Structure formats: C-alpha cells, structure tokens
Amino acid sequence: MTTRTVEYTRYRIPADRSAEFLAAYTHAAVPLAAAPQCVDYELTRCEEDFEHYVLRITWTSTEDHLTDFRGSELSEEFLAHVRPYVGYIEETRHYTPTAVRGAGASTPAFSAWAGGEERFARLTEAFRAKARADDLLAPLFAGLDPAQAAHVAQWLGEVVGGPARAVTGRPGQGVTEPQRRRWVGLLQDAADEAGLPTDAEFRSAFTAHIEWGTRLAVRP
C-alpha cells in the first residue's frame with residue numbers, strides 16, 4: 001500500500017508582494033488539484049507575522065511527487081504560477097504521517113457539510129440529466145438499466161463524500177480523458193443547480209473529490 005507523504009514549504013513573502021503571491025497560488029491550485037498524485041493541499045498565513053506562509057501538500061508518496069508529478073504537464077503549469085516566489089522559500093521537507101491523528105468534534109463530515117443526503121440526491125439527478133443531454137457523455141448513460149443507473153448514483157455519492165454503500169469498481173464502462181474532463185465540468189454545474197455550498201473551501205474539497213474519483217474511471 002502506498003504511504004502518503006506530507007510536504008511542508010515555508011515562505012517569507014514581503015508585505016508588498018503578498019496579494020500577488022496569494023493570487024498566484026489561487027491559480028496554481030487548479031493544476032495541483034487535478035494531479036492524481038496530490039491528495040490535498042492548504043496554504044496558511046502566520047497570524048503573528050503576516051510575511052510567513054506555510055504550504056502543506058499531501059502526496060500519494062514522495063516518489064509520486066518527485067518523479068511522476070514533477071515530470072508532468074500539470075507540474076509545469078503549477079510552476080508557471082509559483083516560480084517567481086521560489087527565491088522566498090525558507091525550507092521544504094517531506095514528512096511521513098504517524099498513527100497519531102484524528103478529527104476534532106468541530107469538524108463536520110463532508111456529507112453534512114454539503115447539506116446531507118437530500119443534496120446528494122439532487123446532485124445525482126442534476127448530473128444525470130446533464131450527462132444524458134451531453135454529446136460526449138450521453139453514450140455512457142444511454143440504455144442503462146435501473147440497476148446500473150443506481151450503481152452510478154451510489155458511486156457518485158461516495159466519491160463526493162456521501163455515505164458509503166460498499167460500491168466497488170468503476171461507475172460503468174471506462175471513460176476517455178475528454179469524457180472525464182466533461183464529467184468534472186458537468187458535476188460542478190450540477191453542484192450549483194443542487195444548491196451545494198459555494199464557498200471556496202467547500203468547492204476546493206469538492207473538486208478534489210471528483211478529480212480523484214473520475215480518474216479512477218478513465219479507460220486504461
């Protein structure tokens with residue numbers, strides 16, 4: 001089993017460059033979230049000294065980060081945004097998580113954060129309606145029997161943090177990369193229609209979930 005690794009990068013950004021630094025990482029987060037080697041990420045700012053920032057990225061493994069991600073087009077896109085700030089890095093290291101971890105009582109489950117099962121049901125229906133009308137995705141959903149349609153709905157719910165129902169395998173036949181990208185886009189549109197939260201923190205987590213889940217469905 002792959003051992004995850006957590007990369008911490010400490011920056012010291014002059015006050016007059018902080019706004020452009022944050023803007024750069026807002027753009028850089030897009031290819032980072034799309035990388036299959038990236039589990040999650042967070043950029044934090046020191047409360048006592050506003051010039052200090054810490055970037056935390058959880059990778060599937062150190063090797064995946066240093067070899068697979070750094071050799072990818074997504075890495076080039078990521079670096080194009082953050083390269084001007086490399087000189088402000090004070091330290092970068094990788095850490096292996098220990099067994100000492102957990103969530104506090106104030107952290108909501110993702111499904112509760114999204115609004116519960118009713119919202120997931122709306123999301124599923126909105127997405128299926130959009131997929132059936134889409135030129136790229138319609139062939140995947142055409143002629144699905146009720147059991148297979150239910151499988152797709154359950155898979156979608158689990159991928160975006162809904163209750164687990166022991167769904168395994170792909171959500172149907174393997175999809176191509178263009179179909180996967182369209183799938184992600186329609187899910188994001190469906191999230192708006194279903195009334196899921198629109199704040200940046202939730203949508204970032206939502207995008208990370210669906211990027212990961214849809215990549216599992218890509219045809220080898």
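Trainee: How much space lies in the second largest pocket?

Mentor: The second largest pocket holds about 260 Å³, a volume being the space filled by probe spheres set on grid points joined across faces, edges and corners. Before we go on, this is a predicted model, where local features need pLDDT of at least 70 and side-chain atom pairs count only at pLDDT 80 or more, while totals for chains, interfaces and linings use all residues. Residues are numbered from 1 along each chain as its sequence is written, and side-chain values use heavy atoms, with hydrogens and water left out.

Trainee: What makes a residue part of the lining of a pocket?

Mentor: On a 1 Å grid over the protein atoms alone, a pocket is an open set of points where a 1.4 Å probe fits, with protein on both sides within 12 Å along at least five of seven lines, and a lining residue has an atom within 4 Å of a point. Here 18 residues line the second largest pocket. Glu-7, His-65, Arg-70, Phe-78 and Leu-79 lie nearest its centre.

Trainee: Which elements supply at least two residues each to that lining, and which gives the most?

Mentor: Helices (H or I, at least four residues) and strands (E, at least two) are DSSP runs, numbered from the N terminus. The elements with at least two lining residues each are β1 (5-12), α1 (18-34), β3 (52-59), α2 (62-69), α3 (73-82) and β4 (89-95). The most comes from α3, with four residues. By kind, the lining has twelve nonpolar residues, four polar and two charged; Ala, Val, Leu, Ile, Met, Phe, Trp, Tyr, Cys and Pro count as nonpolar, Asp, Glu, Lys and Arg as charged, and the others, Gly among them, as polar.

Trainee: What makes the pair Asp-40 and Arg-56 a salt bridge?

Mentor: A salt bridge is a side-chain nitrogen of Lys or Arg within 4 Å of a carboxyl oxygen of Asp or Glu. The closest N and O atoms of Asp-40 and Arg-56 are 2.8 Å apart, and the pair qualifies as a salt bridge. Asp-40 lies in strand β2 (residues 38-45) and Arg-56 in strand β3, so the pair ties together parts that are 16 residues apart in sequence. Arg-56 also meets Glu-42 in a salt bridge, at 3.6 Å from N to O.

Trainee: Why is Asp-40 called partly exposed, and how does Glu-42 count?

Mentor: The relative accessible area of Asp-40 is 31%, which is why it is partly exposed. Glu-42, at 39%, also counts as partly exposed.

Trainee: What does the salt bridge between Arg-182 and Asp-135 tie together?

Mentor: Their N to O distance is 2.9 Å. Arg-182 lies in helix α8 (residues 177-194) and Asp-135 in the loop between α5 (117-132) and α6 (138-141), so the pair joins parts 47 residues apart in sequence. Arg-182 is partly exposed at 30%, whereas Asp-135 is exposed at 63%. The whole structure has 16 salt bridges.

Trainee: Why is Arg-180 called buried?

Mentor: Arg-180 has a relative accessible area of 3%, so it is buried. Arg-180 sits in helix α8. Leaving aside neighbours within four places in sequence, Arg-180 is in contact (heavy atoms within 4.5 Å) with Val-175, Glu-211, Thr-214, Arg-215 and Val-218.

Trainee: Buried or exposed: how does Phe-206 count?

Mentor: Phe-206, in helix α9 (residues 200-216), is buried, with a relative accessible area of 1%. Of the 220 residues of the protein, 37% count as buried.

Technical notes
Buried means under 20% relative accessible area, exposed over 50%, partly exposed in between (1.4 Å probe, protein chains only).
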